[in-house]
Amino acid sequence: MRRPLRILSIEDDPKDTKLIQDLLETDGLVCEVMRVDSQAAVLAWVEQGGIDLILADYTLPSFDGISALKFAMKACPDVPFIFVSGTLGEEVAIEALKIGATDYVLKTRLSRLVPSVQRALREATQRAERRRAEESLRQSETYLAEAQRLSHTGSFGWRPSTGEIIWSEETFRIFQYDQTTIPTVGLVLQRVHPDDAARVKQTIERASRDGKNFEHEYRLLMPDGFVKYVHVVAHALSLESGSIEFAGAVMDVTAAKEAADKVRLIIDTVPGLLWTARPDGAVDFISQRWLEYTGMTLEQGLGWGWESAYHSDDLEQILATWRAALAEGKPYEAEARLRSFDGEYRWFLCRACPLFDHSGHILGWYGSATDIHDRKQAEEGLRQAQAALAHVSRVTTMGELTASLAHEVNQPITAAVTGASTCLRWLTRDHPDVERAREAASSIVKDATRAADLVSRIRLHFKKGTLKRELVDVNEAIREMITLLDSEATRYSILVRTELAADLPQIMGDRLELQQVTMNLIANSIDALKDVDGTREIAIKSRRTENEQIEICISDTGIGLPPRQADQIFNPFFTTKPHGTGMGLRISRSIIESHGGRLWAVDNSPRGASFYFTLPAEAEDRNDARSRSPSVRH
Ligand SMILES: Nc1ncnc2c1ncn2[C@@H]1O[C@H](COP(=O)(O)OP(=O)(O)O)[C@@H](O)[C@H]1O
Ligand SMILES: [Mg+2]
């Protein structure tokens, strides 16, 4: 139910007020009427608010209707104000209407009251509605202007047929023109950077000719010399008249452009060749440095075109690693040679990482290639120096063993000579025994072959060969060394015992180097045993460990590690022997470590020392460890 109409009646005669109320109610207007007859009371009601209509007598004992009207116009201009009076001359009536009264009704013609009130109320409602609409329009215009200001996006309308252009406040601000200026194409072109002017002019001309949507980006050169970047998008709308109007947006993209330039600067400055790729691995960005290094163009390098920059020997491995990384979504790392623009190849460390979204999908790949050529060469130099040192050490050791080695070689030769005499004897008998002679001859062949084998094996250790990586049967390599050192052991009455595991996996490595380690350790054990009384024994064991490694142990019953100096024995030049070099263990350790293994020593109780070394058994892992880790890690 509608609430009753609240009417303020400014009237000194209660009867008149009653009459007015009755009149209104007879016509169905339910109302609540408050009668007042003093200025103070009018003030109080108007200030309190909630009044729908004011009906006022013109003459009152204490004050007059006109001042009540003036006051109401100020305090509540929306509330209709109708004079209901017995005395109202035409002039006064006009004056009242001018001030803002809604109507006037003479008490003598009260029949006009109801229609007048109804009209006043209707008009008041309409006014209120209009004001609300205007207010909300004004508000949304404010919001729009504010949004344009915040987003640095102005709007425009353009009718090429008339040349008429409308700009929003922000567009004026972007072009830095006063809002009183009338925008024209000429004014726009006046601000365009001279280098972009021809292009912009062309775009505008084409748009006005073709009447099609357009989008372009260009620079503005401001009067103060400041350069702005704007991005303009416009849509063509066909008007009823058949002509075209464009509605568009001008975005000031200077900040974004500067941020992008900064990122570009970082990308082109960091010392690395950078790139990005799509989730499927197709390269979609390559840094300037990459292009400059390879001498390729962006178009040549994008997608999978970069392949041709890699050394053909490395490409297969690079592609396999990259494809595996793509398939698994895991970081990628590889070393490979990249051809520079002048045809020279340099080593690079190539890496890439995937970028994931929240749900774990790959958004793209980010990669770099870092020049490691100099480091790689230094490593190689170090490796070569170490190999040379190892060689010298090997030759020295072999030199020290000359007597024993000569003895070792001598044995099969002596046997062969004996065999030859025997053979001769069988042949020079009256009845030559050819069968026996044949047996003797074949044992000569066997002995001579053994001697020749030994000699060539010894020569191998003197030779300065290049490092070779091959599958090595460690047990076999150990056995060969034992044969070589057999005479030396016998010379000092040393018993060499072996316990070599039958299930030992092969390892990937340099056979000669590994034999050198075994020889160094056995030679040290022989040295440690030379002067001891009691059992002189060397035990050589090999076994497979739980973590897919092989472990070799060479232990003796010798004098044991030097007291209080056991932690120094691996230091270069540390020796407790009068003619020692102190390099044997040092070299042995770096050989083992370059094979990805470890070498260490423990004291035996009650006598002697044990030396252990491990080597990784898996050929695959070996490759990696060797190519990645520096040769000496101390
Ligand atoms: N089996 C061993 N028993 C006792 N001490 C050893 C043994 N092997 C090495 N050492 C100690 O380690 C030192 C360093 O050995 P090494 O580096 O081979 O140099 P060198 O044999 O020329 O002394 C030896 O001088 C010795 O004191
Ligand atoms: Mg030694």
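In this predicted model, residues 24 or more positions apart make up 57% of the protein's contacts with a separation of 6 or more, a contact being two C-beta atoms, placed from the backbone, within 7 Å. Local features need pLDDT of at least 70 and side-chain atom pairs count only at pLDDT 80 or more, while totals for chains, interfaces and linings use all residues. Residues are numbered from 1 along each chain as its sequence is written, with chains lettered from A and ligands numbered from 1 in the order in which they are written.

As for overall shape, the C-alpha trace spans about 180 × 65 × 45 Å along its principal axes. The protein holds 19 helices and 22 strands, which are DSSP runs (H or I, at least four residues; E, at least two) numbered from the N terminus.

Strands S8 (residues 214-221) and S9 (residues 227-238) run antiparallel, joined by 8 bridges; pairing takes at least two DSSP bridges. Arg219 sits opposite Tyr229 in S9, and Gly225 in the hairpin has a positive phi near 90°. S9 also pairs antiparallel with S10 (residues 244-252) over 9 bridges. Here Leu237 partners Glu245, and Gly242 in that hairpin shows a positive phi near 95°.

Then there's ligand 1, surrounded by 23 residues (C-beta, placed from the backbone, within 6 Å). Asn524, Thr575, Gly580, Gly584 and Leu585 are the closest. Helix H17 (511-529) gives the largest share of this shell, 4 residues.
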